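Work through the exercises below with the sequence and the model at hand. Each task is followed by a solution in steps.

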Amino acid sequence: MKILKKYGTNILIFIALACGFALLAALTNLLGFLGTKGTDGLLMVFMILAFLIIGFNFGKVAEKNGYLEGIKIGFALLLVLIFINILFYQSRFSLERFIYYTVLILSSIFGSMIGINKKKS
């Protein structure tokens with residue numbers, strides 16, 4: 001139950017961050033600050049930051065092996081992201097998406113390694 005609570009809260013935080021970032025990106029696109037490519041780039045940066053923040057939070061509560069904790073939470077978040085992508089967009093898997101997902105996993109790992117080193121003893 002403890003593990004489910006730890007993953008559940010982080011996944012809910014991720015969904016809230018993703019919705020907030022998507023709303024902000026849609027607002028910038030609506031107001032015309034950035035073009036379509038700029039909005040896509042901004043959304044990618046937001047998602048990398050979201051994975052980094054969640055990985056950092058997950059790493060702060062980990063006992064050891066921050067990179068393994070980052071892989072675990074990164075794949076859990078990635079499954080949520082893929083599920084949402086399939087559910088709403090019905091897009092196919094491509095090499096571009098694979099690279100995008102790899103960058104997200106790496107940012108989660110990096111955040112978790114930073115978080116495990118910054119936790120209080």
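## Exercise 1: the pocket lining

The lining of the largest pocket is made up of 16 nonpolar, 3 polar and 4 charged residues. Here Ala, Val, Leu, Ile, Met, Phe, Trp, Tyr, Cys and Pro count as nonpolar, Asp, Glu, Lys and Arg as charged, and the others, Gly among them, as polar.

The model is predicted: local features need pLDDT of at least 70, side-chain atom pairs count only at pLDDT 80 or more, and totals for chains, interfaces and linings use all residues. Residues are numbered from 1 along each chain as its sequence is written, and side-chain values use heavy atoms, with hydrogens and water left out.

Task: state the volume of the largest pocket, and say which helix gives the most to its lining.

Solution. 
- Step 1. A pocket is found on a 1 Å grid over the protein atoms alone, as an open set of points where a 1.4 Å probe fits, with protein on both sides within 12 Å along at least five of seven lines; lining residues have an atom within 4 Å of a point.
- Step 2. The volume is about 890 Å³, taken as the space filled by probe spheres set on the points, which are joined across faces, edges and corners.
- Step 3. The lining has 23 residues, and Leu43, Met47, Tyr89, Arg97 and Tyr100 lie nearest the centre.
- Step 4. Helices 1, 2, 3 and 4 each supply at least two lining residues, and helix 4 gives the most, with 6. Helices are DSSP runs of H or I with at least four residues, numbered from the N terminus.

## Exercise 2: Arg97

Task: place Arg97 in the fold and list what it touches beyond four places in sequence.

Solution. 
- Step 1. Arg97 belongs to helix 4.
- Step 2. Its relative accessibility is 26%, so Arg97 counts as partly exposed; the class runs between buried (under 20% relative accessible area) and exposed (over 50%), with a 1.4 Å probe and protein chains only.
- Step 3. Arg97 touches Asn85, Ser91 and Arg92, where contact means heavy atoms within 4.5 Å.
- Step 4. Met44 is 53 residues away along the chain, with 11 Å between the two C-alpha atoms.

## Exercise 3: the nonpolar core

Task: name the residues with the most contacts inside the largest nonpolar core, then describe the surroundings of Phe14.

Solution. 
- Step 1. A nonpolar core is a set of buried Ala, Val, Leu, Ile, Met, Phe, Trp, Tyr and Cys residues joined through side-chain atoms within 4.5 Å.
- Step 2. The largest one has 21 residues, and Phe14, Met47, Phe51, Ile73, Leu77, Leu81 and Leu104 have the most contacts inside it.
- Step 3. Helix 1 (2-31), helix 2 (36-60), helix 3 (66-89) and helix 4 (95-118) each supply at least two of the core residues.
- Step 4. Phe14 is in helix 1 and is buried, at 1% relative accessible area.
- Step 5. Beyond four places in sequence, Phe14 touches Met47, Ala50, Phe51, Ile54, Leu77, Val80 and Leu81.

## Exercise 4: the salt bridge

Task: how many salt bridges does the structure hold, and which residues form a salt bridge?

Solution. 
- Step 1. A salt bridge is a side-chain nitrogen of Lys or Arg within 4 Å of a carboxyl oxygen of Asp or Glu.
- Step 2. The structure holds 1: Glu69 pairs with Lys72, with 3.4 Å between the closest N and O atoms.
- Step 3. The two are 3 residues apart in helix 3, so about one helical turn separates Glu69 and Lys72.
- Step 4. Glu69 counts as buried at 12% relative accessibility, whereas Lys72, at 43%, counts as partly exposed.
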